[in-house]
Amino acid sequence: MTDRFEAGTQTRRRILGDAHVERAECETSALDAPFQRLITETAWGNVWSSDAVSDRDRSMLTIALLA
């Protein structure tokens with residue numbers, strides 16, 4: 001595992017909660033495993049683990065971008 005993956009996993013657990021992450025990991029298939037790793041390293045490990053923006057502000061930015 002990479003440092004970025006580990007940081008992403010910790011951040012994902014902090015934001016979404018252990019129960020959600022455990023459930024998602026149990027449902028991961030061989031087909032989507034590479035995508036899950038990419039999301040954990042990139043979105044959670046790079047973007048959400050950065051301290052440039054608070055979690056609250058980052059959540060609001062994410063909702064705004066999705067809208």
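In the predicted model, helix H1 (residues 3–16) packs against helix H3 (residues 33–47) with the two axes 7 Å apart and at an angle of about 75°, so that H1 runs roughly perpendicular to H3 (a class covering angles of 65 to 115 degrees). Helices here are DSSP runs (H or I) of at least four residues, numbered from the N terminus, and axes are lines fitted to C-alpha atoms over the stretch in contact, with angles running from 0 to 180 degrees between N-to-C directions. The contact (heavy atoms within 4.5 Å) involves residues of H1 including Phe5, Ile15 and Leu16, which meet residues of H3 including Arg37, Thr40 and Trp44.

A search of the whole structure finds 1 aromatic pair, formed by tryptophan 44 and tryptophan 48, whose rings are tilted, at 5.3 Å centre to centre and 40° between the planes. Rings pair if their centres lie within 6.5 Å, and planes under 30 degrees apart count as stacked, over 60 as edge-to-face and the rest as tilted. Tryptophan 44 is buried, with a relative accessible area of 11%, and tryptophan 48 is buried at 12% (buried meaning under 20% relative accessible area, with a 1.4 Å probe and protein chains only).

Arginine 58 lies over the face of tryptophan 48, at 5.7 Å from the ring centre, while the charged end of arginine 37 sits over the ring of phenylalanine 5, 4.7 Å from its centre; for arginine, this requires CZ within 6 Å of the ring centre and within 35 degrees of the ring normal.

Residues are numbered from 1 along each chain as its sequence is written. Local features need pLDDT of at least 70, side-chain atom pairs count only at pLDDT 80 or more, and totals for chains, interfaces and linings use all residues, while side-chain values use heavy atoms, with hydrogens and water left out.

Methods
Phe/Tyr/Trp six-rings, centres within 6.5 Å; stacked < 30°, edge-to-face > 60°. Buried < 20%, exposed > 50% of the residue type's maximum accessible area, 1.4 Å probe, protein only. Helix = DSSP H or I, 4+ residues; strand = E, 2+ residues; numbered from the N terminus. Parallel < 35°, antiparallel > 145°, perpendicular 65-115°, else oblique.
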